[in-house]
Amino acid sequence: MTTPAIELRDVVFGWPTGPTVLDIARFDVARGEKVFVRGASGSGKSTLLGIIGGVLQPGRGSLRVLGTELANLRPGARDRFRGDHIGFIFQMFNLIPYLSVLDNVLLPVRFTPHRGAAFVAAGALRAEARRLLVALGLHDPALQKRAVTELSIGQQQRVAAARALLGSPELIIADEPTSSLDYDARADFLQLLMQECARSAATLLFVSHDTSLGSLFDRSVSLREINRAAQPAGAAA
Amino acid sequence: MRSLWNRRGTALLTIFSIAVSVSLLLGVQKMRVAARDSFANTVSGVHLIVGARSGPLNLLLYSIFRVGDATANVSWASYQKIARHPDVEWTIPISLGDSHRGFRVVGTNADYFAHYQYGGDRSLRFAQGKPFADLFDVVLGAEVARQLGYKLGDEIIVAHGLGRVSFSQHKDKPFHVAGILAATGTPVDRSVHVSLEAISAIHLDWQNGVQPAPWARIGAAQARQAKLTPDSITAFLVRMKEPALIFTMERSINQYRGEPLSAVIPGVALTQLWDLVGIADTALTIVAAFVVLAGLLGMLTAILTTLNERRREMAIMRAMGARPAHIFSLLMAEAGTLALLGVLAGVALTFALLALAAPLISQRYGIFMQPGGLSGMDLSLLAGIVGVALLLGAYPAWRGYRNTLNDGLSMRV
């Protein structure tokens, strides 16, 4: 029996000067599971992702990601752990504007060499980056060399997904990746993302306020239900 | 450093401003060294400068640099006495007081051309012609000939006094150009040399420094017949047979009973003079240093203004596993790169300008600029500039570091 992807126990988080933002008694995600977390803005979404990503340090409680207790790691090690094992997709502005599409996809490897460990040779890594781009529907080779600012938002989000998937990290965290897409593009994007997650057996944690997407996932969780901290609207961005 | 390349417009301007300020600083440094060298090289081989009693600076200034006036003269008898002293190798007499169109007239003798040395061991060289042979021959410094466009054989009228425009001219006794000296980069270039006898001759009929009425004048032809041994000279340069004898001679001249005389060692007086001039020189260096600082502050501003628009970029990098230290070193590297490129460009700019200007400067002013090579002083200056840049760069780097810690993975854009 493998350890769960995410194992959260009695985690409490509050900004030093503010009220408690997050107070979760228990939240588990099994490996390979695709979980939809529903939450309006201000429900502690970003905070939750920050804690799981190891950027924010919970004041109390235990958080194990892929079997590793993040509280036991030093900040630098947490950063490396995040780079090695977690792929992020944000709502928008995912890409670094002055890098080419391909370089954007390859970006994580620059900071965490282990991420590409499965593709030791740099050439293989590039080939994998290209394969991901093609798999996500960006077939045109000329497009891969183009500046990312020339891409449509839908295309940009696919590039971001390719980057998150590169090196097959065990956990993919998506923070409202579809909210800037129109309905058709949204369905397309989700399908491709799911497909690639399944392929690399990655766990997907998908956060959105759009409840209509929930049915596409293995499980749907409402952050409001698991977060015991009363949320004044708009407390967290 | 693709991030920097993305902002190449600003980055280039920043580098350029640093480069200009660095080359200004280096240029000032080079000039200062060159000026100091040429200063110290003005006269060499001379052990003592002797004149009427005055301060060493004044004596040095009027005898060597042809600046200012002598307060009194040295009698011919005293000069002869010292010149014939057994320990003295040679002497060069100097008689000042007249001018030609703003250039000083120096009365001297053939020893001047034989013994005068500058820049270590370089002797005077004739570009054209030869030393004066006739009473009314004149030898011009290179600068005089260049500025006034004189050739061999041209006629010259010497004016009484030192003004550029003089109303009393020695019109009755014209001189002819017998020789033109090669450029030396010393005040010699700006001097008009005549014989001591010629100085006597043109003042033969003068009474108490006033030109006589026309009927009382003595013509050039008559002057040749007169006894022209001068009564006095302004100063003279002395070389001893042994350097060890310098101090004995200096003391005995300073205590000379016949008349009040002063003897100074050129090196000592030059050092005093340099101390004086050094103030302006230091001021110039300080100004240049501040210009460099302004350039670096420009860089600081450029980096700081980009910091906010790059928050997003940094959040992405953080999500990719970049540590805050990564962000810090990235920003530091940016400051370092800008400064380093700026310094390198500045050095290149300096050398390019020097290569262009050096021939002109050496020709015009006789200041010889070493074209290549950075002195240890220059190198440590440049290293200091990069060091200060890194120090300044630490501020935006720290701000970026703080931002990434506060922002986490959220994008506050």
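A residue is called buried here if 20 or more other C-beta atoms, placed from the backbone, lie within 10 Å of its own, exposed if 12 or fewer do, and partly exposed in between. This is a predicted model, in which local features need pLDDT of at least 70, side-chain atom pairs count only at pLDDT 80 or more, and totals for chains, interfaces and linings use all residues. Residues are numbered from 1 along each chain as its sequence is written, while chains are lettered from A and ligands numbered from 1 in the order in which they are written.

**First stop: helix α1 of chain A**

Select residues 45-52 of chain A, which form helix α1; helices (H or I, at least four residues) and strands (E, at least two) are DSSP runs, numbered from the N terminus. Because 8 of the 8 residues of this helix are buried, α1(A) is largely enclosed by the rest of the structure. Its buried residues, including A:K45, A:S46 and A:T47, pack against β1 (6-14), β2 (20-29), β4 (60-65), β7 (171-175), β8 (203-208) and α8 (223-226) of chain A. After α1(A) comes A:G54, whose phi is positive, near 80 degrees.

**From A:G54 to A:L73**

Now select A:L73, whose C-alpha atom is separated by 9.2 Å from that of A:G54, although the two residues are 19 apart along the chain. A:L73 sits in the loop between β5 (68-69) and α2 (75-85) of chain A. Is A:L73 buried or partly exposed? With 16 C-beta neighbours inside 10 Å, A:L73 counts as partly exposed. Leaving out residues up to four places away in sequence, A:L73 touches A:R78 and A:F81, where contact requires C-beta atoms, placed from the backbone, to lie within 7 Å.

**The nonpolar cores**

A nonpolar core is a set of buried Ala, Val, Leu, Ile, Met, Phe, Trp, Tyr and Cys residues joined through C-beta atoms within 7 Å. The largest has 94 residues, and those with the most contacts inside it are A:V105, A:A162, A:L171, A:I172, A:I173, A:L205 and B:I18. Helix α2 (residues 8-40) of chain B gives this core its largest share, 8 residues. A second, separate core of 60 residues includes B:L48, B:I49, B:L59 and B:Y118. Centre the view on A:I173, which, leaving aside its neighbours within four places in sequence, is in contact with A:L49, A:I52, A:G53, A:I86, A:F88 and A:L205.

**Two helix pairs**

Select α6 (residues 153-165) and α7 (residues 183-199) of chain A, whose axes come within 11 Å and cross at roughly 10 degrees; axes are lines fitted to C-alpha atoms, for helices over the stretch in contact, and angles run from 0 to 180 degrees between N-to-C directions. That angle makes α6(A) roughly parallel to α7(A), since angles under 35 degrees count as roughly parallel, over 145 as roughly antiparallel, 65 to 115 as roughly perpendicular and the rest as oblique. Among the residues making the contact are A:G154 and A:Q157 of α6(A), and A:A185 and A:F189 of α7(A).

In chain B, select α3 (residues 56-63) and α10 (residues 266-309), which pack at an angle of about 100 degrees with their axes 9 Å apart. Here α3(B) is therefore roughly perpendicular to α10(B). The contact is made by B:P56, B:L57, B:L59 and B:L60 of α3(B) and B:P266, B:V268, B:A269, B:L270, B:Q272 and B:L273 of α10(B).

Note on methods:
Two residues are in contact if their C-beta atoms, placed from the backbone, lie within 7 Å.
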